[in-house]
Amino acid sequence: MALKKINREDLEPLLEGTAIFGTGGGGSPDWGRKIMLNDFKRGRRYAIIDPQEVEDDALVVSGGVMGSVKILDNMNFDGLLEYWEDNFELKVAFREMGKELGKKIDYIVPFEMGGLNTPIILSLGARVGVPVVDGDALGRAAPETQMTSFIGHGISLTPMPLVDHIGNVVVVKKAVNPVYPDQIGRFIITRGGGLGANNHYPMSGRQLKNSVIPNTISKAIKIGKSVINARNSGENPVQVFRKIVSGINIFHGKITEIIEEEAEGFYFTKVKLSGLEKDNNSSCELVIKNETMACWKNGELRVVFPDLLCMLDPKTGRGIMSVELKKNLELKLVAMPCHERLREALKHPDGKIAFSSKRYGQNIKYVPLEELH
């Protein structure tokens, strides 16, 4: 088994890359930085493994933190780090899953890409001594637990242990509707300190290899290095990123209006932009549910979740969080197709429910990015 170490020099590139792929969510890279620095200071070591190296009969689980990005943004994160030394909700949820399955868990695979949610899974792996799979269920961030490649490849979301910030533990044993576990999770988390963790998607190594979005951690590090190098050398970091991922320039503009709502553990935003430079005299509208969900340019649909719409700082190429959005903020929007395994998941009966645009208040059908352009 060949494990790859993630070291101190990988920290900034990883955070740059995951912030971009987070599409507005996935947690703040500032929190991710504090988590990683705290772990390095305490001697914890991160180890990742290529999904193709995972044994077919291995037991793999996923997991992550739950909570609105807006609530997290208002927390004292230094105090939270100290609290986690004795009360790490992710570790409790991981242990509960082991009890539920009655087996030793061999690997952990991240739920999504994000400046917080990738480092925190690496931290979990280091704390429990279990390697983390170099991959995830999305290749981006998403607002709900059922929105994964796993669920569209026949892998059960349940059992799902849930642990809130004040110590309550609930296990969702079985769900008829794939949306139900996330609804239960939001109910618990919003009444238990606004933050918590879950563990889910128990699967075999064979199932993992057929469903995971592969090598996304190493890809985020590679992208992060390229963006940082472009920034330091005077190149255009947005264009460097776009070329590497074969992305599409969607819009360059300034925010003119923001409508915000905090509800049931989510941060909803509708954003309107007016165009600049080549997009002068054009307009753009975004729908965001923690992450970017859909985009219209001049009234025409241009990007639909789960394809990626990355919100970037025009000067630095930095991935912008949805909680950072404000009037007159300048953005460059770059889109890229999601992984084919996510598109396969959309065709599965559970996938159709899991990824429905009704989950973010719309009534639109998924159209691949390539067809919209």
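**Notebook: strands, helices and one loop glutamine**

I started with strand β16 (residues 308–312), which 5 bridges join to β17 (residues 330–336), the two running antiparallel. Pairing here needs at least two bridges found by DSSP. Elements are DSSP runs numbered from the N terminus: helices are H or I with at least four residues, strands E with at least two. The model is predicted: local features need pLDDT of at least 70 and side-chain atom pairs 80 or more, while totals for chains, interfaces and linings use all residues. Residues count from 1 along each chain as its sequence is written, and side-chain values use heavy atoms, without hydrogens and water.

**β16.** I looked up the partner of Cys-310 and found Val-334 in β17. Next I checked burial (buried is under 20% relative accessible area, exposed over 50%, partly exposed in between; 1.4 Å probe, protein chains only). In β16, 5 of 5 residues are buried. Leu-308, Cys-310 and Leu-312 sit on one side, Leu-309 and Met-311 on the other, and both faces are covered. In a regular strand, side chains alternate between the two faces of the sheet.

**α4.** I then turned to helix α4 (residues 77–86), where Phe-77, Leu-80, Leu-81 and Trp-84 are buried. Down the axis of α4, the buried residues fall within an arc of 105°, so they line one face of the helix. That arc is taken over directions from the helix axis to the C-beta atoms. An α-helix has 3.6 residues a turn, so residues three or four places apart point the same way. The cover over the buried residues of α4 includes α2 (29–41), α5 (89–101) and α6. Contact means heavy atoms within 4.5 Å. At the start of α4, a side-chain oxygen of Asn-76 comes within 3.2 Å of the backbone nitrogen of Asp-78.

**α6.** I followed the cover to α6 (residues 117–128), whose 12 residues reach 17 Å from first C-alpha to last, close to the expected 16 Å. The expected span is 1.5 Å times one less than the number of residues. In α6, 11 of the 12 residues are buried, so the rest of the structure largely encloses this helix. Just after α6, Gly-129 has a positive phi of about 70°.

**Gln-146.** Last, I checked the loop between β6 (135–136) and β7 (160–164), which holds Gln-146. Gln-146 is buried, at 0% relative accessible area. A polar atom of the Gln-146 side chain lies 3.3 Å from the backbone oxygen of Ala-354. Beyond four places in sequence, Gln-146 touches residues including Ile-151, Tyr-201, Ala-354 and Arg-359.

Definitions and conventions. A polar contact is a pair of N or O atoms within 3.5 Å; within protein, one must be able to donate a hydrogen and the other to accept it, and residues adjacent in sequence count only if both atoms are side-chain atoms.
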